[in-house]
Amino acid sequence: MMPIWTKSGKKHAVTLLKVQDCHVLRYISKEASGGKTSKLLVGGKNASPFSKSESAMEIFKEAGVPRKQKVTTFNVTDDAIIKPGTPLYAAHFRPGQFVDVTAKTIGKGFQGVMKRWGFKGQPASHGQTKTHRRPGAISTNKAAKVYRGKKMPGKMGNIYRTSFGLKVWRINTKHDIIYVNGSVPGHTNCLVKVRDSQLPTYKDCNKNPPFPTYFADGDEKLPEDLYDEEIFQFTDPSVTYA
Amino acid sequence: RVSSDGKPEKFQPPPKPVIIDKQKQREERRFLSPEFIPPRGRTDPLKFYIERKDMIQRRKVFNIPEFYVGHILAVTTADPYANEKTSRFVGICIQRGGKGLGATFVLRNVIEDQGVEVCYDLYNPRIQAIEVLKLEKRLDDNLMYLRDALPEYSTFDVNMKPVSHLDHEEVPVNKLQVRMKPKPWSKRWERPKYNIKGIKFDLPEKKMKEAQKWSQPWLEFDMLREYDTSKIEDKIWKEVSEGLKN
């Protein structure tokens, strides 16, 4: 994570996400998937092919691509289908876009009710006998049972969570890095799924995105760094207020 | 021996030989700002490389002088609410923290009997100028104890004139021992954890010995805490000097 300054002098914190060897693996049509839209399987970072069975490696062999560590599905409209085997780059996103980022949160192991659910616990003194971090009462008398989903101690973290509506400030096309506003779930160097935002406020935000994706061997030659309009670039002189 | 005058001649010792060692080249003083050195961790070195490129880019446009903790600096920032849209603050640098683009330094001064500390980002684009008014290293890396010292040690004239300093000379170390206000202090500075050399402790011997109870003499031999930055510093120095030359 890194600070970034806008032209008005405000400071924002930004997370760097690297697009490492992403390839499209498979196209699943609407009928085959059984959903409302067709799906595209996309694979992330390269990994060793020796620790997976042959049947699992079939997908990668079909696409002609080394084994990927993370495989995700994206729901895609019919006009945005891409041929399996095409590489995907960070330039698929443009500065000024809004993005949802999904990842597995940091695993905290078996945790008590105060850390996991934010319960208040009991006082430290004034006669409390062996009760300082316990949940206390778990149900009422009339219910005569404990409801399903009662907040209790258990394994915390290591589940998929999404942060919605993160602005993309900057894209580095040389190293394939996306600068995304705010924080993102997961530990450093963890694998992450980045998707165009589904929030209704950002429905009309994308003006002329690269559609269906940015092709490296296409005609477009992009500069090494793409900045949002409001970002202060370090090549400019210091900010002044007129 | 008697000279022509008749009086005994005073003994003139022979002139001492002056050895001019032309072979020895004067070592160029290398200063790598501490925020360039990446902290120990599992982050990808690519992230530090990209951050360094941004830092070098900023340094090309705006000159960040070499300064240590204990220097007296004057910083002018752009302020939308001030009269002339700029505000200038003079103070002694008590702490340099943070790594990479988020590096900060804290300046302290006492203005009209009120101690004021301001924490500035080194790479904040609103900073218009950083001038070093007086070059002076102190015995410690962290002068937070000036908060509990007598206010005369933190007062500096706001209209101070910059003291000239030659480039090739070493930065002078001020071995000043600061007198403190009576206890209680914000932190127990006499404890060996802070390792402060710049305070003149007027505490009784018993208190000083009691403070040594919290010493951890095994820490300096702990091999897992060792972080040897010499090779990293050399690489980064080369990268930074090449980047700034262009």
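Reader: Which residues are buried in helix α2 (residues 54–63) of chain A?

Author: First, the ground rules. This is a predicted model, in which local features need pLDDT of at least 70 and side-chain atom pairs count only at pLDDT 80 or more, while totals for chains, interfaces and linings use all residues. Residues are numbered from 1 along each chain as its sequence is written, chains are lettered from A and ligands numbered from 1 in the order in which they are written, and side-chain values use heavy atoms, with hydrogens and water left out.

Author: Buried means under 20% relative accessible area, exposed means over 50%, and partly exposed lies in between (1.4 Å probe, protein chains only). Helices (H or I, at least four residues) and strands (E, at least two) are DSSP runs, numbered from the N terminus. In α2 of chain A, the buried residues are Met57(A), Phe60(A) and Ala63(A).

Reader: How many salt bridges are found over all chains?

Author: A salt bridge is a side-chain nitrogen of Lys or Arg within 4 Å of a carboxyl oxygen of Asp or Glu. A search of the whole structure gives 21 of them. One is between Asp234(B) and Arg30(B), at 2.6 Å from N to O. This pair links distant parts of the chain, 204 residues apart: Asp234(B) is in helix α3 (residues 230–245) of chain B, and Arg30(B) is in the segment before α1 of chain B.

Reader: Are Asp234(B) and Arg30(B) buried or partly exposed?

Author: Asp234(B) is partly exposed, with a relative accessible area of 37%. Arg30(B) is partly exposed too, at 46%.

Reader: Which residue forms a salt bridge with Glu239(B)?

Author: The partner is Arg52(B), with the closest N and O atoms 2.5 Å apart. Glu239(B) in helix α3 and Arg52(B) in helix α1 of chain B are 187 residues apart. At 27% relative accessibility Glu239(B) counts as partly exposed, whereas Arg52(B), at 9%, counts as buried.

Reader: How many residues of each chain are in contact where chain A meets chain B?

Author: An interface can be described by its contacts and by its buried area, which is the accessible area (1.4 Å probe) that two parts lose on being put together, summed over both. In this model 25 residues of chain A are in contact with 27 residues of chain B. The two chains bury about 2200 Å² between them, 62% of it on carbon and sulfur atoms. Trp5(A), Phe234(A) and Tyr241(A) supply 30% of the area that chain A buries against chain B, more than any other three residues.

Reader: How many salt bridges cross that interface?

Author: The rule finds three. In one of them, the side chains of Asp54(B) and Arg170(A) meet at 3.1 Å, N to O. By class, the side of chain A that touches chain B has 13 nonpolar, seven polar and five charged residues. For that count, Ala, Val, Leu, Ile, Met, Phe, Trp, Tyr, Cys and Pro are nonpolar, Asp, Glu, Lys and Arg are charged, and the others, Gly among them, are polar.

Reader: Where does Glu35(B) lie, and which side chain does its own join in a polar contact?

Author: A polar contact is a pair of N or O atoms within 3.5 Å; within protein, one must be able to donate a hydrogen and the other to accept it, and residues adjacent in sequence count only if both atoms are side-chain atoms. Glu35(B) lies in the segment before α1 (45–61) of chain B. Its side chain and that of Arg59(B) are joined by a polar contact of 2.8 Å. Glu35(B) is buried, with a relative accessible area of 4%.

Methods. Contact means heavy atoms within 4.5 Å.
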